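I opened this model to look up a few local features and noted what I found in the order I checked.

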Amino acid sequence: MFHIAHSISYGLQFNTKKIMLQDLPIRPPGNQGDKNGIDRSQPKVADQKFKELVWTSPVAIYTCDQDGFITFFNPAAVTLWGREPEIGKDLWCGSWKIYYPDGSPMPLDGCPMALTLKEGKSYEGAEIVIERPDHTFRSLLVFPRPIFNELNIIIGAHNTLVDITDQKQGEEKQSILSAIVESSDDAIISKNLDGIIQSWNAGAQKIFGYTEQEVIGKHISILIPSFLQAEEDVIISNIKAGKKIDHFQTIRLNKSGREIPISLTVSPVKDSHGRIIGASKIARDISERLQTEHTIRQNVQNLRILNTIGKVISEKLDVQAILDQVTDATTKITDAEFGAFFYNTIDERGEAHRLFALSGAPREAFEKFGMPGDAAIFDSTFSGDQLVRVDDIRKDPRYGHNALHYGMLKGYLPVVSYLAVPVISSTGTVIGGLFFGHQEPGVFTIDHEVLVSSIASQAAVALDNSKLFEEVKALSAKKDEFIALASHELKTPLTTIKGYLQVLDRAERDQTSKSFIGKMLKQVDKLNALISDLLDVSKVEAGKLKLDLELFDLRALVEEVTETLNYTNKTHQIIFQGEGEAVWIKADKQRMEQVMVNLLTNAIKYSPDANQVQISLEQAAGEVTVTVKDQGMGLTTDQQKQIFTRFYRAEGNANIPGLGLGLYLTKEIIDRHHGKIGVYSVPEKGSEFYFSLPLNLNHPVNE
């Protein structure tokens with residue numbers, strides 16, 4: 001295949017002596033000549049204007065004598081050939097190389113000019129391809145004609161060369177474009193500025209359903225929905241202004257009236273003078289793309305919902321909250337008009353109950369619907385592990401044959417599409433079911449089955465966990481009840497024992513007896529303290545730890561507690577740092593005393609090798625902070641994280657008595673006062689426990 005390039009002007013210089021028409025051995029018929037018929041007399045001079053016309057013609061013209069040697073050529077021929085042939089030497093053609101239109105080489109003596117001279121007849125309109133020295137190609141139409149003398153003897157020929165390269169390229173380009181347009185899956189349509197359809201490809205017929213014969217000459221509005229007719233005016237105004245419309249998404253109608261989402265590109269069409277005479281439209285059916293995008297968005301949304309619901313229901317331990325969350329999420333995922341979650345449970349008396357949650361329907365409507373299990377269509381879900389999906393429940397043989405319904409009665413939920421998924425516990429028991437309905441047929445798909453089944457599995461685990469939690473909570477409540485009861489019951493005999501011991505302590509006894517009685521009193525006090533802590537813990541767990549708030553001076557209370565403990569404790573000296581003005585807070589004074597006693601006695605207990613404990617009080621930024629510092633064994637980072645939990649005892653302290661309740665109660669008391677509590681500690685270097693409480697800023701001393 002040839003690559004046909006554009007012509008290049010070489011500006012070649014001609015010989016000093018121009019070969020003009022008067023130099024040609026051409027005679028008009030009728031003149032006398034020699035024995036060969038050639039007139040040897042001086043040729044008649046042609047009209048000067050005619051000679052200049054041939055010489056300056058943009059069309060390539062050349063002549064040859066009867067032997068084929070070139071005798072004349074004009075500048076246009078030199079430009080076309082890309083070379084200047086030699087007069088009397090080059091034969092038949094001034095081209096560097098010559099080919100047939102199919103690209104095969106053409107012998108020089110087989111070119112149209114050679115054949116004209118050999119056969120004495122014209123080969124007008126013959127097509128050839130020439131190659132120039134710069135290896136560019138041109139397609140030509142040639143018009144060689146023989147020249148005869150007065151005796152009708154051929155004495156030469158003249159040839160006119162017409163360059164059709166651009167035309168050929170245009171035709172090839174047009175042919176390629178036509179093939180592309182015709183084979184395109186997109187609709188490619190042209191129309192004039194009045195909106196009349198002028199061309200219509202196979203893609204347009206495929207998308208819109210009309211044949212070319214049905215639409216040519218009709219207005220483009222046959223494709224536009226009535227509510228979008230104004231779009232055409234906007235498009236035409238843009239085209240008239242020379243503006244292109246790119247990837248405009250809109251709706252068009254096919255032959256049957258169905259709406260088709262399309263992406264529309266409209267470009268101005270211009271004539272050879274650059275005037276806008278119409279528009280070309282490329283319409284792409286984007287139904288599949290939009291559906292894919294919708295599916296992707298839906299899948300992303302479903303994944304989000306699955307992730308969210310999995311996280312939420314795993315964190316919740318409330319049965320009704322799980323039912324509500326799962327029902328709402330699955331109803332949304334399936335595009336159901338309503339959804340319901342039925343859950344079988346047994347109360348403390350062993351009686352069966354059915355809880356349920358609804359989404360998309362009022363409770364009154366569902367109460368009319370009847371409970372699952374009352375109809376054969378529900379039995380397969382509640383009596384086994386079978387998932388049920390029905391495109392039209394009205395056609396299902398299991399539907400409408402029970403004494404409750406016998407079909408869909410007035411006022412009932414209009415269910416046509418139906419989906420039911422059992423919720424199965426880890427033991428394999430069906431503990432509930434998810435049910436979905438829609439009034440249109442064929443709404444639910446296999447994808448919905450998979451998604452809902454996945455959520456149902458998560459819900460079953462969450463419900464099992466919730467059941468265990470309820471059982472643990474019930475046991476914990478009974479335990480707290482027992483602790484409270486036992487604490488009250490133990491306090492009575494302990495109070496009596498302590499009273500008798502105090503009476504004996506005051507009586508005159510020998511030193512040994514008094515020593516034993518003193519030790520027994522200390523043990524009774526310890527028992528009383530432990531029982532009080534247990535009673536407080538049960539109150540905290542039951543939410544019954546009450547605070548009696550009053551306004552008092554915290555600094556005075558710290559001094560009082562310090563003085564008391566210094567008097568009763570013989571192993572450590574408690575040093576109070578923070579003397580100054582009164583610090584007024586509104587709090588439960590007895591509980592604040594309990595907090596400080598707990599912190600100070602702990603500091604003493606856990607620093608057996610030291611002899612000092614420090615307590616300080618500072619106020620700043622609207623709050624007061626009390627810090628207790630010891631020089632004891634200290635705490636690791638992990639121990640600091642757990643030190644305020646119930647019954648926690650730091651490792652390595654087995655020989656130190658206690659139940660691990662003091663700091664737990666201390667934190668609960670501070671929390672209920674809306675304060676903060678914490679610890680700084682370094683193993684083997686001691687600990688600092690602190691708590692902060694808001695000041696009573698309305699008191700004049702704290703202003």
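This is a predicted model: local features need pLDDT of at least 70, side-chain atom pairs count only at pLDDT 80 or more; totals for chains, interfaces and linings use all residues.

**Cysteines.** I then checked Cys93 and found that the closest cysteine sulfur to its own is in Cys111, 5.8 Å away. A disulfide needs the two sulfur atoms within 2.5 Å, so this pair is too far apart for a bond. I also looked up how accessible the two residues are. Cys93 is buried, at 9% relative accessible area, and Cys111 is buried as well, at 2%.

**Helix H3.** Next I went to helix H3, residues 112-119, and asked which of its residues are buried. I noted Pro112, Met113, Ala114, Thr116 and Leu117. I then looked for what covers these buried residues, and my list includes strands E1 (60-65), E4 (126-131), E5, E6 (145-148) and E7 (154-163). After H3 comes Gly120, and I recorded a positive phi for it, near 70°.

**Arg138.** Strand E5 had come up as part of the cover of H3, and I picked one residue from it. Arg138 belongs to E5, which spans residues 137-142. Is Arg138 buried or exposed? Its relative accessible area is 2%, under the 20% cut-off, so I put it down as buried. I looked for a partner for its side chain and found a polar contact of 3.3 Å with the side chain of Thr165.

**Strands E16 and E17.** I then followed strand E16 (residues 417-424) to its neighbour E17; the two run antiparallel and are joined by eight bridges. Across the pair, I found Tyr418 opposite Gly437 of E17. The two strands make a hairpin, and I counted five residues between them. In that turn, Gly428 has a positive phi of about 90°. I checked burial along E17, residues 430-438: nine of the nine residues are buried, so the strand is largely enclosed by the rest of the structure.

**Nonpolar cores.** Last, I looked up the largest nonpolar core, which has 37 residues. Which of them touch the most other members? I wrote down Leu554, Met592, Ile615 and Phe691. Helix H15 (residues 589-605) gives this core its largest share, seven residues. I listed the contacts of Met592, leaving out residues up to four places away in sequence: Phe552, Leu557, Ala587, Ile669, Ile670, His673, Phe691 and Leu693. Apart from this core I found another, of 28 residues, with Ile322, Leu419, Val443 and Ala459 among them.

Key
Residues are numbered from 1 along each chain as its sequence is written. Side-chain values use heavy atoms; hydrogens and water are left out. Buried means under 20% relative accessible area, exposed over 50%, partly exposed in between (1.4 Å probe, protein chains only). Helices (H or I, at least four residues) and strands (E, at least two) are DSSP runs, numbered from the N terminus. Two strands pair if DSSP finds at least two bridges between them. A nonpolar core is a set of buried Ala, Val, Leu, Ile, Met, Phe, Trp, Tyr and Cys residues joined through side-chain atoms within 4.5 Å. Contact means heavy atoms within 4.5 Å. A polar contact is a pair of N or O atoms within 3.5 Å; within protein, one must be able to donate a hydrogen and the other to accept it, and residues adjacent in sequence count only if both atoms are side-chain atoms.
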